[in-house]
Amino acid sequence: MCIGGPALIYYVTPTEEQLFLKYNPELQKRSLERRKEKQEDFDNFVTRLKEYSKSDKPVWAVWEQEAEQQRKLGIQKELDRRREAAAEAEARKMEMRSSLR
């Protein structure tokens, strides 16, 4: 008789349901609230991976290119937002100067 191996691991490893029931009620509530959000994030992740796998390049290379493009877009949006804020501030300054005259 052999003790151990995959059968023992399968037997002693709790299921997700058993682990969930051992949470305290507050953690169970938070887990249920975030479940849909986590599922959507995972679905988006898998969808992106499928898109990246269609490329001739390795998935990680395409992933890095996408991250770089997103970073550049974020920087551009921040620059545009700062320019708009500066233009609004300048317009308010001019309005205040004209109202003082």
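Modeller: Let us begin with a single side chain. K93 is partly exposed, since its relative accessible area is 40% and that class covers the values between 20% and 50%. Please bear in mind throughout that the model is predicted.

Colleague: Which residue does K93 meet in a salt bridge?

Modeller: The partner is E90, and the N to O distance is 4.0 Å. The general idea is a distance test: a side-chain nitrogen of Lys or Arg must lie within 4 Å of a carboxyl oxygen of Asp or Glu. E90 and K93 are both part of helix α4, 3 residues apart, which is about one turn of the helix. E90 is partly exposed as well, at 39% relative accessibility.

Colleague: How many salt bridges does this rule give?

Modeller: The count comes to 6. Another of them joins R71 to E68, with 2.6 Å between the closest N and O atoms. R71 and E68 also lie in helix α4, with a spacing of 3 residues, about one turn of the helix. R71 has 44% relative accessibility and counts as partly exposed; E68, with a relative accessible area of 31%, is partly exposed too.

Colleague: Which residues are linked in a network of salt bridges?

Modeller: E78, R81 and R82 are linked in such a network.

Colleague: Let us turn to the aromatic rings. How many aromatic pairs are there?

Modeller: The rule is geometric, with ring centres within 6.5 Å, and the angle between the planes then decides the class. The count comes to 3 aromatic pairs. In one of them, F45 and W63 are 5.6 Å apart, centre to centre, with 65° between the planes, and the pair is edge-to-face. The angle places the pair in that class because edge-to-face applies over 60 degrees.

Colleague: Which parts of the chain does the pair of F45 and W63 tie together?

Modeller: F45 belongs to helix α3 (residues 25–53) and W63 to helix α4 (residues 59–100), so the pair ties together parts that are 18 residues apart in sequence. F45 is partly exposed, with a relative accessible area of 33%, and W63 is partly exposed at 31%. With Y52, these two residues form one aromatic cluster.

Colleague: Which charged residue sits over an aromatic ring?

Modeller: The charged end of R35 sits over the ring of F20, at 5.7 Å from the ring centre.

Colleague: Which residues form the nonpolar patch on the surface?

Modeller: The patch consists of I3, L8, I9, Y11 and V12, and together they have about 600 Å² of accessible area. Y11 lies in helix α1 (residues 6–12) and is exposed, with a relative accessible area of 71%. I9 is in helix α1 as well, and at 52% relative accessibility it counts as exposed. P6 also has its place in helix α1; at 70% relative accessibility, P6 is exposed.

Colleague: How far apart in space are P6 and L27?

Modeller: Their separation is 31 Å, C-alpha to C-alpha, and they are 21 residues apart in sequence. For I9 and T47, which are 38 residues apart along the chain, the C-alpha atoms are separated by 32 Å.

How values were computed. Residues numbered from 1 in each chain as written. Predicted model: local features only at pLDDT ≥ 70, side-chain atom pairs only at ≥ 80, totals over all residues. Heavy atoms only, no water. Patch = residues over 30% accessible without salt bridge, like charges linked within 9 Å, V, L, I, M, F, W, Y side chains within 5 Å. Areas by Shrake-Rupley, 256 points an atom, 1.4 Å probe, with all protein chains shown as cover. Helix = DSSP H or I, 4+ residues; strand = E, 2+ residues; numbered from the N terminus. Buried < 20%, exposed > 50% of the residue type's maximum accessible area, 1.4 Å probe, protein only. Phe/Tyr/Trp six-rings, centres within 6.5 Å; stacked < 30°, edge-to-face > 60°. Lys NZ or Arg CZ within 6 Å of the ring centre and 35° of its normal.
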